[in-house]
Amino acid sequence: MAFRHDTPFIQSFRIQLRIIGALLMREIVTRYGRDNLGFLWLFVEPMMFTLGITALWAGAGAHRGTELPIVAFAVTGYSSVLLWRNCATRCAMAIPPNMSLLYHRNVRVLDLFITRILLEVTGATISFVVLSTIWISLGWMEPPSDFLLVLFAWGLLAWFGSSLGLVIGGGTAHSELVERLWHPVAYLLFPLSGAAFMVDWMPSRFQAIVLWVPMVHGTEMLRDGFFGSTVRTHYSVEYLALFCALLTLTGLILVREAGRRIELET
Amino acid sequence: MIELINVTKTYPTRQGPRTILDGIDLQVERGQKIGIFGRNGSGKSTLIRMISGAELPSSGRIRRGISVSWPLAFGGAFQQYLTGFDNLRFICRTYGIDYREVMPFVEGFADLGIYFREPVLHYSSGMRARLAFALSMAIEFDCFLIDEIIAVGDSRFYDKCMYELFEKRKDRALIVVSHDPGMIKNYCDIAYVLTGGRLTYHPSVDAAFDFYQTCTQ
């Protein structure tokens, strides 16, 4: 099954950028329309989720027994959940509604996923930045103690979300079962993802278990960047990066196979 | 030149894999008009999708030395929830041209009036066909792919389409697949018959059509 390509890499790369640009514009119009807020929904929606969770946690006193400010705790925790969960959920079953676009040769299945991932990562990032900026300027949240670490952690979480998106998106193209299973799994992963707890709060026996969950490392790292030495965090950059690399590879293989097996409607 | 080398396409079905195209070889030179006869279900549309590159062959190789269109006037190639105008912009961005250059032509040719800026969902079938054809003509290709006869509303519009395609673009290559002899006999110089997943060449269009008829009886 070797397909040789005659198109030089740089030209292929330009075509791909052009296609992704066209898909981004199209996706924004079809998803958000031109009425009311339009594309601003891209980050207003995740902001509303994060605001709701912050209010709930603050009201319920979820941070009892810790010194951590609840606003910063909720913003860092829930923003990271949105980053990976939205990528994967939007990539699930992304091919059928876009099937007709595949009639244009240069639009490939991978481009459909990259487009959705870019939109979700952008939306979650803007939401995170805007909310943090507002809370910091209001004095409800301290500025991050290590800005570079925050950036690095966010980048890793975005990589995790993107690779998960490829796996879930490519997986649903092979079997709808993946889509059916993804929703309960995403729901159950939320409490395990480290958004609502710090690893250090757990007995050491549980710590060892919970540290198998990859996004816990990202969330812990993000909070290390925000809170610095005021908290004890547990994470391994190597573990998360290795996990992401394997997930990316699996996702790319699944997406390539999905592209080869695509059957267009007539 | 477009070249298909031993192209095979197999689709999975509940009853196991089915081979639709079985070792197709085809060469299309710049400017050639090629007709392919085939019954319903013979794999004509599959072959067109392979040549256009929308689907990949299970094995074999396709080389495109010239630019190849998507199936001409194919209504399925645009998005229902977008307006005609948005579809035009998407297609222009995809093929890397400035939509402002072709906008007057498309708007004039499709003749949709205010509906050009309404979702395609609300179009009549005639309006869709006109938009689809106008979009196909907005991008210049070296080779146009035609799947069946173009159904484009009334006869006046049909004539306009034939003029655009066969007069203004008569230097381009064409690949027409059809079960109907009309267009192939009128416009093609070379004809093949697609039966049992294989392509057979015939020295003349009439010979191909005679062979096609004996196959279908």
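**A close look at one threonine and its chain**

Modeller: Once the neighbours within four places in sequence are set aside, Thr19(B) touches Thr8(B), Thr10(B) and Gly197(B); contact here means C-beta atoms, placed from the backbone, within 7 Å. This is a predicted model, in which local features need pLDDT of at least 70 and side-chain atom pairs count only at pLDDT 80 or more, while totals for chains, interfaces and linings use all residues. Residues are numbered from 1 along each chain as its sequence is written, and chains are lettered from A and ligands numbered from 1 in the order in which they are written.

Thr19(B) belongs to strand 2 of chain B, residues 18-28 (strands are DSSP runs of E, at least two residues, and helices of H or I, at least four, numbered from the N terminus).

Helix 2 of chain B packs against helix 3 of chain B (residues 99-110) at about 140°, and their axes are 11 Å apart (axes are lines fitted to C-alpha atoms over the stretch in contact, and angles run from 0 to 180 degrees between N-to-C directions). That angle makes the pair oblique, the word for whatever is not under 35 degrees (roughly parallel), over 145 (roughly antiparallel) or 65 to 115 (roughly perpendicular). Helix 2 of chain B brings Gly84(B), Leu88(B), Arg89(B) and Cys92(B) to this contact, and helix 3 of chain B brings Tyr99(B), Val102(B), Met103(B), Val106(B) and Ala110(B). By class, that contact has seven nonpolar, one polar and one charged residues (Ala, Val, Leu, Ile, Met, Phe, Trp, Tyr, Cys and Pro are nonpolar, Asp, Glu, Lys and Arg charged, the others polar, Gly among them).

Helix 2 of chain B has a part in the meeting of the chains too. The contact between the chains takes 23 residues from chain B and 22 residues from chain A. On the chain B side, two or more residues come from each of helix 1 (44-52), strand 5 (68-71) and helix 2 (84-95). Helix 2 of chain B gives the most, with four residues. That side of chain B has 11 nonpolar, seven polar and five charged residues.

Note on methods:
Contact = placed C-beta atoms within 7 Å.
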